[in-house]
Amino acid sequence: MIVITAASGQLGRLVLQELLKSVPAHELVAAVRNPEKVSDFASLGVQVRQIDYTQPQTLDMAFAGAEKVLLISSSEIGSRVPQHTNVINACKKAGVKLLAYTSLLHADSSPLPLAAEHQQTEAALKESGVPYLILRNGWYTENYTDSIAIALQYGAVIGCAGEGKIASATRADYAVAAATVLLANDQASKVYEFAGDVAYTLSEFAAELSQQSGKQIIYQNISEDQYIYVLKNAGLPEPIAVMLAESETGAAKGGLFDASRTLSQLIGRPSTSLSESMKAALDLNK
């Protein structure tokens with residue numbers, strides 16, 4: 001039995017969809033706070049178990065009988081380590097044979113402040129005695145393509161990444177990788193660095209958007225503080241705005257770049273290109 005936490009989220013849903021291609025539905029568990037959000041999976045025969053990372057008793061029930069668990073990192077920045085530790089402890093109690101964790105690209109050396117909680121979680125995994133697997137995911141291409149409508153409206157992509165190279169991949173790419181390793185044998189103690197095949201700067205992102213949209217789009221590089229202000233004015237909560245701005249500053253220092261092509265080698269195809277992702281996003285915005 002394979003348990004996917006945060007299964008109602010964007011990444012979790014994609015991982016479940018991928019696993020359903022080769023695993024009987026009754027052998028999969030969607031572990032979520034709100035079971036109603038995965039009613040579509042329940043209708044296919046996937047087991048649904050209610051969990052809360054902050055409530056250990058729910059975790060004990062969720063992982064009962066589990067052979068493998070995918071811990072998708074919490075979205076609650078600043079509270080992740082105790083929440084993840086609760087999951088690790090519950091998996092140890094349940095005798096889970098493999099606990100996979102979605103970490104951050106080059107978490108051990110990343111200049112992104114976001115890496116700190118991932119470093120602590122990785123350390124807790126290694127100290128727990130639970131067989132672990134670390135999936136260090138790079139940036140999601142959707143972090144940028146989801147904002148295409150705003151860029152088209154104002155004629156500019158705004159950020160603070162300078163000329164930092166960003167080797168992003170789509171959530172679907174990372175989901176295929178997660179499903180692949182969960183179904184493979186002998187994965188304990190492995191650490192994967194996952195990123196897109198071809199990196200780009202935000203200037204290059206703006207140029208690609210200009211070409212595909214037929215509108216002149218520039219990249220406007222601003223300071224980290226200015227970018228936080230822009231993101232907050234756009235309606236993002238302050239912790240998210242700060243995280244995104246700090247991450248772009250980290251990108252300027254090389255924190256979102258990787259050229260190993262580990263992701264594409266594992267999934268057996270090239271990662272989804274920026275051009276493909278942008279075309280899909282533009283089609284949705286028509």
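Predicted model: local features only at pLDDT ≥ 70, side-chain atom pairs only at ≥ 80, totals over all residues.
1. Salt bridges overall. The count of salt bridges in the model comes to 12.

2. Aspartate 60 and lysine 93. These two residues form a salt bridge, and their closest N and O atoms are 3.3 Å apart. Aspartate 60 belongs to helix H3 (residues 56-62) and lysine 93 to helix H4 (residues 80-94), so the bridge links distant parts of the chain, 33 residues apart. Aspartate 60 counts as partly exposed, at 30% relative accessibility. Lysine 93 is exposed, with a relative accessible area of 63%.

3. Arginine 136 and aspartate 108. A salt bridge joins arginine 136 to aspartate 108, with 3.3 Å between the closest N and O atoms. Arginine 136 sits in strand E6 (residues 132-137), while aspartate 108 is in the loop between E5 and H5; the pair links distant parts of the chain, 28 residues apart. Aspartate 108, with a relative accessible area of 54%, is exposed.

4. Arginine 136 and glutamate 122. Arginine 136 also meets the side chain of glutamate 122 in a salt bridge, at 2.7 Å from N to O. Because glutamate 122 lies in helix H5 and arginine 136 in strand E6, this pair ties together parts that are 14 residues apart in sequence. Both glutamate 122 and arginine 136 are buried.

5. A network. Which residues are joined when salt bridges share partners? Asp108, Glu122, Arg136 and Glu193 are joined into one network in this way.

6. The second largest pocket. This pocket holds about 160 Å³ of space. Its lining consists of Glu142, Thr145, Asp146, Thr170, Ser277, Ala280, Ala281, Leu284 and Asn285. Two or more of the lining residues come from each of helix H6 (142-145) and helix H13 (274-284). H13 gives the most to the lining, with four residues. Sorted by class, the lining has three nonpolar, four polar and two charged residues.

7. A nonpolar surface patch. Ile158, Tyr229 and Val230 form a nonpolar patch on the surface, and together they have about 260 Å² of accessible area. Valine 230 is part of helix H10 (residues 224-233). Its relative accessible area is 32%, so valine 230 is partly exposed; a patch residue needs over 30%.

8. Histidine 106. Most residues other than glycine have a negative phi. Histidine 106 has a positive phi, near 50 degrees. Where does histidine 106 lie? Histidine 106 is in the loop between strand E5 (98-104) and helix H5 (115-128). With a relative accessible area of 23%, histidine 106 is partly exposed.

9. Serine 189. Phi of serine 189 is positive as well, near 75 degrees. Serine 189 is placed in the loop between helix H8 (171-183) and strand E8 (190-194). Serine 189 has a relative accessible area of 48% and is therefore partly exposed, as exposed means over 50%.

Methods. Residues numbered from 1 in each chain as written. Heavy atoms only, no water. Patch = residues over 30% accessible without salt bridge, like charges linked within 9 Å, V, L, I, M, F, W, Y side chains within 5 Å. Areas by Shrake-Rupley, 256 points an atom, 1.4 Å probe, with all protein chains shown as cover. Salt bridge = Lys/Arg side-chain N within 4 Å of Asp/Glu carboxyl O. Buried < 20%, exposed > 50% of the residue type's maximum accessible area, 1.4 Å probe, protein only. 1 Å grid on protein atoms, 1.4 Å probe; cavity = no way out; pocket = protein on both sides within 12 Å on 5 of 7 lines; lining within 4 Å. Points joined across faces, edges and corners; volume = space filled by probe spheres on them. Nonpolar A, V, L, I, M, F, W, Y, C, P; charged D, E, K, R; others polar.
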